[in-house]
Amino acid sequence: IHDSCEVYMILSGNVEYIIEGNTYKLAPYDILITNENELHNVRILSDATYERVVLNIKADFFKLYDIEPYKKIFTDRKPGNDNLIKGFIVQSEGIYDSLMRIEHYITEGNKKNDMIIRAMIIELLHILNKASLGEEKQDKKSAVVADIISYINKNLSEPLSLDETAKQFFISKYHLCHLFKNTMNLTVMEYLNNIKIKNACDY
């Protein structure tokens, strides 16, 4: 437990991270965020090189620069839940680059860099909040598609139509098709045909 919020990014290593009893198996560039009250620890699973970047932000930083809403990603969660931001998001949203720039300015050891570092930490917090919200939306979309797949699989023996399936989920046919294609990289009908062919082969 620290007296600060923590941003932890793994670069390499075979590790698990335990936060309030929940275990996260980490891949390169995954980020974990923890607040001052979350008990956390790392479990090293092999002798592979273990590299990480850790940034600790004291509570008064948020007050000093009037950015307390940015603390929500650390505090508006159940302890040990929703701590992970996946590596592909970390890279695509520029979080990795932001952390590397901050590290560069810190390791230079030049006091003149202090204001730049503070500004970059504020920018990082902005990006983290934005990325966290984006991931939450993506998770909700994936959950809807999982429900649609479950519905299709339960009703394979019935004549399924896009209109009827869309009605079951209170969305338009267009939205259903767009959501399914973006998540599965298949159309609904392509998925349905693949399942029918697989079942026929099994039979």
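## Basis of the description

Because the model is predicted, local features need pLDDT of at least 70 and side-chain atom pairs count only at pLDDT 80 or more, whereas totals for chains, interfaces and linings use all residues. Residues are numbered from 1 along each chain as its sequence is written, and side-chain values use heavy atoms, with hydrogens and water left out.

Helices (H or I, at least four residues) and strands (E, at least two) are DSSP runs numbered from the N terminus. Two strands are said to pair if DSSP finds at least two bridges between them.

Four strands form an open sheet in the order 6-1-4-7, with antiparallel pairing. Strand 6 and strand 7 (84-85) stand at its edges, each with a single partner strand, so one side of each is left without a neighbour in the sheet. Strand 1 and strand 4 run antiparallel and are joined by four bridges; Glu6, for example, has Thr34 in strand 4 as its bridge partner.

Helix 4 packs on the sheet and touches strand 1, strand 4 and strand 6, where contact means heavy atoms within 4.5 Å. The direction of helix 4 makes about 105° with that of strand 1; for such values, axes are lines fitted to C-alpha atoms, for helices over the stretch in contact, and angles run from 0 to 180 degrees between N-to-C directions.

## The three-stranded sheet

Three strands form another open sheet, in the order 3-2-5, and here too the pairing is antiparallel. Strand 3 and strand 5 are the edge strands, each pairing on one side only, and the twist averages 25° from one strand to the next. Strand 2 (residues 15-19) is mostly covered, since four of its five residues are buried; buried means under 20% relative accessible area, exposed over 50%, and partly exposed in between, with a 1.4 Å probe and protein chains only.

Strand 2 pairs with strand 5 (residues 40-44) over five bridges, and Val15 stands opposite Ile44 in strand 5. Strand 2 also pairs with strand 3 (residues 22-25), over four bridges; in strand 3, Asn22 is the bridge partner of Ile19 and Lys25 is that of Glu16. Strand 2 and strand 3 form a hairpin with two residues between them, and Glu20 in the turn has a positive phi of about 50°.

## The nonpolar cores

A nonpolar core is a set of buried Ala, Val, Leu, Ile, Met, Phe, Trp, Tyr and Cys residues joined through side-chain atoms within 4.5 Å. The largest such core has 27 residues, and those with the most contacts inside it are Ile31, Ile95 and Leu99. The elements that each supply at least two residues of this core include strand 1 (4-12), strand 4 (31-34), strand 6 (51-58), helix 4 (95-108) and helix 5 (114-154). Helix 5 gives the largest share of this core, eight residues.

Not counting residues up to four places away in sequence, Ile95 touches Ile31, Ile89, Val90, Leu124, Ile127, Leu128 and Ala131. In soluble globular proteins, nonpolar side chains tend to be buried together.

## Helix 7 and helix 8

Helix 7 (residues 173-184) and helix 8 (residues 188-202) pack at an angle of about 65°, with their axes 9 Å apart. In their contact, Leu176, Phe180, Lys181 and Met184 of helix 7 meet Val188, Glu190 and Tyr191 of helix 8. The residues of this contact divide into five nonpolar, no polar and two charged, where Ala, Val, Leu, Ile, Met, Phe, Trp, Tyr, Cys and Pro count as nonpolar, Asp, Glu, Lys and Arg as charged, and the others, Gly among them, as polar.

## Two single residues

His40 lies in strand 5 and counts as buried because its relative accessibility is 11%. The side chain of His40 makes a polar contact with the side chain of His2 (3.2 Å) and reaches the backbone oxygen of Glu38 at 2.7 Å. A polar contact is a pair of N or O atoms within 3.5 Å; within protein, one must be able to donate a hydrogen and the other to accept it, and residues adjacent in sequence count only if both atoms are side-chain atoms.

Thr107, found in helix 4, is exposed, with a relative accessible area of 61%. A polar atom of the side chain of Thr107 lies 3.0 Å from the backbone oxygen of His104.
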